Amino acid sequence: MQAGPIPATPTPSVRRAARASWWRLDRTDLYWLIALTLVAGLLRFASPIFLDIFAHPGSVAPISAWGIGHNYQDPSIPGLGKPNDIAPNSPFVFDELYFANDAHKDLVGQDYFDPEPPLAKLIIAIGIKFFGFNSFGWRFFPALFGTALIPLMYLLARQLMAVRFFAVAAGVLTAFDGMAFVESRTAVIDIIPIALTVLAYLLFHLHLNAATVTRRRWTIVLTGITLGLALGAKWTTLAAYGVIIVILAFRLIVRWTRYDGATAGIALLSLALLPAIFYGLSFIRYLTITHGITNLSQPALGFAPFHFNPGAAWTEMAEWHRQTWLYHINLKADHIFYSPWWSWPLDFRPVVYYYAGQGLGVDQSSGSTLVAEIFNLGNPLIWWAATFSIVGIAVGLPALIRDNRSRRELDPADGTGHDAAGPVEQRLYTSIFTLVAFFAAWLPFSRVPRGLFLYHMLGGLPAMFLALSLALTYLRTLTGRLPGMAMRFNGAVPAYAYLVMVVGFFLYFYPLWTGLPLTADALNSHVWFALTKPLPNWCLCYWTSPG
């Protein structure tokens, strides 16, 4: 019997090429990834950044960077925090008062109740463990996760569309959005679950685009694990869990995705069990501490010596979930910065995280007293255009479906001219995924009875960035003569100009996102809208007459 040919073992270069094809990355993509990540990281870790060359030419260093360790409550001293102290005795900004102290209590094993799952606070606690209980320590990992969000968005966009510009636009929009920027520089927990959500989306699409059974299996396993970690950071990430289930079910129904029996079983177990398992594991530290809401005599879990009481663990977790649920549905306290859920895409009603009106000196040119504020305002140029993009994608979806159906009947060579913005099947899927992800993150808040803030829109931001990136990708491909005019139109010019304008808007609002001292007049100049009662008292960027 003659032996068959021995299959050739792939060389390292062949394997690298296969991985690059799977990730849809080449050298240019790596340059963009590195550049965007470095710029975003510098802005998040080094801000506030001063150009002292204008205020003190020749007398000091041309640039000063306060960094994330800056003590906003007293700029004259380092950012040293005191456990359980509130501002101004400790340099907490907004809800850092709660989350930084809670993270510190996790480190020392002290009881507290917080109506958010524990993982994000445990991640903040790692920074406190490494760098001490100070503003740099508790802000380090939020800044790290906020920086990681930029390459994650770029990689996700590359999985969705083969057009590089789509990924570049997504990376730029993420890097220069104000809310993502502020949340990354503050030890509040929201940026951590959002980064984990985008990571889960990335792993899920690597799973869908995998060319081998092995890759398909381990990426869906990692997707389930990441979803569990995201849920362990904040419940709002349940929307991403639902998105992945719905999208996968849809793709299986229309036969865009097919599984063999073993892979289907692994996918089912990964999405059904792993999120719950890793969500439960995020409570390990919680179970090692006794809590006042249950008054058990000893912790349910211990390691020195090891003991585990399943009944006590169930009691602790069940009571925490009950108390958390009751907190969220019964929270009725008024707050000056509450905003209705339907208003969030308009980017009105930002939340003031910090204000200082004394001790900052005077403006050297005018002699006016300096003030400083930090708002969680989204970049309005991004948010408004992204909202229009969402509407446009929804309106244009039926036409895109018809185009996809008709394209199947064409010869492949006849359809290439229509694909300058990317293959129609990729544009169709990206449109569907973006719409589902956006509405899943946004609409559930319409049923939440408690007061809500603009930052609850953070979960919908990745979909907004993708929607706007898709619109810009369409714009970039438009060419031709303008009606009634002799000049030609090239959509690439306004597409790239828009991204430059996004950076310009970021610089314009930068002082109000970082707490840079300004005169009151300069601060008020950022007021674009101010509606008074009986209309909702909103304003863009600056709060003038609350009530």
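Here are some questions and answers about the sheet, a helix pair and a few backbone features of this predicted model.

Residues are numbered from 1 along each chain as its sequence is written. Because the model is predicted, local features need pLDDT of at least 70 and side-chain atom pairs count only at pLDDT 80 or more, while totals for chains, interfaces and linings use all residues; side-chain values use heavy atoms, with hydrogens and water left out.

Q: In what order do the 3 strands of the open sheet come?
A: Let's start with the terms: helices (H or I, at least four residues) and strands (E, at least two) are DSSP runs numbered from the N terminus, and two strands pair if DSSP finds at least two bridges between them. Here 4 bridges join β5 to β6, and 2 bridges join β6 to β9. The edge strands, each pairing on one side only, are β5 (352-356) and β9 (518-519). The pairing is antiparallel, and the order is β5-β6-β9.

Q: Which residue of β9 is the bridge partner of Leu-370?
A: Strand β6 covers residues 370-375 and runs antiparallel to β9. The bridge partner of Leu-370 in β9 is Thr-519.

Q: How many residues of β6 are buried?
A: Buried means under 20% relative accessible area, exposed over 50% and partly exposed in between, with a 1.4 Å probe and protein chains only. In a regular strand the side chains alternate between the two faces of the sheet. In β6, Leu-370, Ala-372 and Ile-374 are buried on one side, and Val-371, Glu-373 and Phe-375 are buried on the other. The count for β6 is 6 of its 6 residues.

Q: What angle does the direction of α9 make with that of α18, and are they parallel or antiparallel?
A: Two packed helices are described by the angle between their axes and the distance between the axes. Axes are lines fitted to C-alpha atoms, for helices over the stretch in contact, and angles run from 0 to 180 degrees between N-to-C directions. The axes of α9 (residues 191-209) and α18 (residues 424-442) come within 14 Å and cross at roughly 150°. With angles under 35 degrees counted as roughly parallel, over 145 as roughly antiparallel, 65 to 115 as roughly perpendicular and the rest as oblique, α9 and α18 are therefore roughly antiparallel.

Q: Which residues of α18 make the contact with α9?
A: Contact means heavy atoms within 4.5 Å. From α9, the contact is made by Tyr-201, Phe-204, His-205 and Leu-208. From α18, the residues are Tyr-429, Phe-433 and Ala-437.

Q: Which residue joins Ser-47 through a cis peptide bond?
A: The omega of this bond is about 0°. The residue lies in the loop between α2 (27-46) and β1 (49-50). It is Pro-48.

Q: Is Asn-295 buried or exposed?
A: Asn-295 lies in the loop between α14 (284-287) and β3. Its phi is positive, about 55°, although Asn-295 is not a glycine. With a relative accessible area of 63%, Asn-295 is exposed.
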